Amino acid sequence: MPPTLTVDEVTSLLLDIRDFDNPLREKELHKLLYFIKHGLQEEGIDADIPYFWYRYGTMAKLSDAETSIAQTDDGTAVFCLEGHVDRLFNSAKVVRMEIPYTKDEISAAILETIRANELASCYIRPLVYRGFETFSIDPTPCPVEVAIVTIEWGRYLGPEAIEQGVDVGVSSWRRMTPGAFPAAAKVGGQYINSQLIAMEAHKHGYVEGIALDANGYVSEGSGENLFMVSRGEIVTPPLASSILEGITRRCVVTLAREEGYTVREEFIPREALYMADEVFFTGTAAEITPVRSIDGVPVGEGGRGPVTERLQELFFGITSGELEDRHSWLTEVR
Ligand SMILES: Cc1ncc(COP(=O)(O)O)c(C=O)c1O
């Protein structure tokens, strides 16, 4: 039997190590998984999930989704909970994992985890993974289990990134070939690809890398979708460019079309990036982040462009509760 912590023990551990700079954090974080393994809660917390399982894909048989949390006047709310839970189930389906809970149960457990940890703002990572049964390559006999991790996290691409933009480079690593890995599903194993892209970018002094697809067209960042503004029109790569279909991407497309912009999904050759007026990333963690240079070449004027800024105003207006949540994107935690 793996060691089991009580909910109280985990909560106090969490309070101790929530601070991102705390050296205990890396070592202890794996104990903070809030399990819904044998019922929605109250069962205590197993400490048996190796840290690397959720550190993106060093273990292949894992599927996850992330949801971000928003602060509104009415308190804390989760952004696009339903969309994220739907994607979690779809991703699990692609990798033949049957989640032993309903979508409503998973959504309730996510809200309960935030409440239990008394978090006003956090990053949520529900994980669906295969527990232990066999060492065989075929994991079918392994039980499918679920854990929900919440952590407090600042601006993913740096504190100034939202206003000033980030410097990025085109990666030498490609996104996966269609038919080899299911890029559109959020499956842990393929985050080895994201890790390689991110590590290379950081090594070269960039904040993030942009990966091309197997055919040389622009795909996405290691953890963000990409948009380009050219002559007043917005273009983003299609699913066929091996992108993850981002939930933030979907919201941004909706907001942009409501503002009257033409948004097209089309293959983007690399050189179009250098000719673009604006480029920005979207993602749960990155939100909407302008790109100010690519491979040392300034994008447009070399800062945040007006279309990106307008979309940020709309997006952050909704997530902060200042603008009406007219698409019902927020689920209050209470
Ligand atoms: C590879 C990749 N692309 C795009 C995204 C953005 O997706 P979303 O907006 O759903 O967070 C993510 C988010 O983690 C990602 O990992």
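This is a predicted model: local features need pLDDT of at least 70, side-chain atom pairs count only at pLDDT 80 or more; totals for chains, interfaces and linings use all residues.
User: How many helices and strands are in the protein chain?
Analyst: Helices (H or I, at least four residues) and strands (E, at least two) are taken as DSSP runs and numbered from the N terminus. Counted in this way, the protein chain has 10 helices and 18 strands.

User: What percentage of the 334 residues of the protein chain count as buried?
Analyst: A residue is buried if 20 or more other C-beta atoms, placed from the backbone, lie within 10 Å of its own, exposed if 12 or fewer do, and partly exposed in between. For the 334 residues of the protein chain, the buried part is 44%.

User: Which element gives the most residues to the shell around the ligand?
Analyst: A residue is near a molecule if its C-beta atom, placed from the backbone, lies within 6 Å of it. Of the 14 residues around the ligand, Gly-246, Ile-247, Thr-248, Gly-283 and Thr-284 come nearest. Two or more residues of the shell are given by helix 8 (247–258) and by strand 15 (278–283). The element that gives the most, with 3 residues, is helix 8.

User: How many residues of the shell around the ligand are charged?
Analyst: Ala, Val, Leu, Ile, Met, Phe, Trp, Tyr, Cys and Pro count as nonpolar, Asp, Glu, Lys and Arg as charged, and the others, Gly among them, as polar. By this division the shell around the ligand holds 2 nonpolar residues and 8 polar ones, and the number of charged residues is 4.

User: Which residues of helix 10 make the contact with helix 8?
Analyst: The axes of helix 8 and helix 10 (residues 306–319), which are lines fitted to C-alpha atoms over the stretch in contact, with angles from 0 to 180 degrees between N-to-C directions, come within 10 Å and cross at roughly 110°. Helix 8 and helix 10 are therefore roughly perpendicular, a word used for angles of 65 to 115 degrees. Residues are in contact if their C-beta atoms, placed from the backbone, lie within 7 Å. Helix 8 contributes Cys-251, Val-252, Leu-255 and Ala-256, and helix 10 contributes Leu-311, Leu-314 and Phe-315.

User: Is Ser-171 buried or exposed?
Analyst: Ser-171 is in the loop between strand 9 (166–170) and helix 7 (191–203). Its C-alpha atom is separated by 5.2 Å from that of Ala-211, 40 residues apart along the chain. Because Ser-171 has 24 C-beta neighbours inside 10 Å, Ser-171 counts as buried.

User: Where is Ser-328, and is Ser-328 buried or exposed?
Analyst: Ser-328 has a positive phi of about 55° although it is not a glycine, and its place is in the loop between helix 10 and strand 18 (330–332). With 8 other C-beta atoms within 10 Å, Ser-328 is exposed.

User: What is the C-alpha to C-alpha distance between Gly-303 and Glu-278?
Analyst: Gly-303 is found in the loop between strand 17 (297–298) and helix 10, and with 16 C-beta neighbours inside 10 Å Gly-303 counts as partly exposed. Although Gly-303 and Glu-278 are 25 residues apart in sequence, their distance in space, C-alpha to C-alpha, is 8.4 Å.

Key: Residues are numbered from 1 along each chain as its sequence is written. Angles under 35 degrees count as roughly parallel, over 145 as roughly antiparallel, 65 to 115 as roughly perpendicular and the rest as oblique. Two residues are in contact if their C-beta atoms, placed from the backbone, lie within 7 Å.
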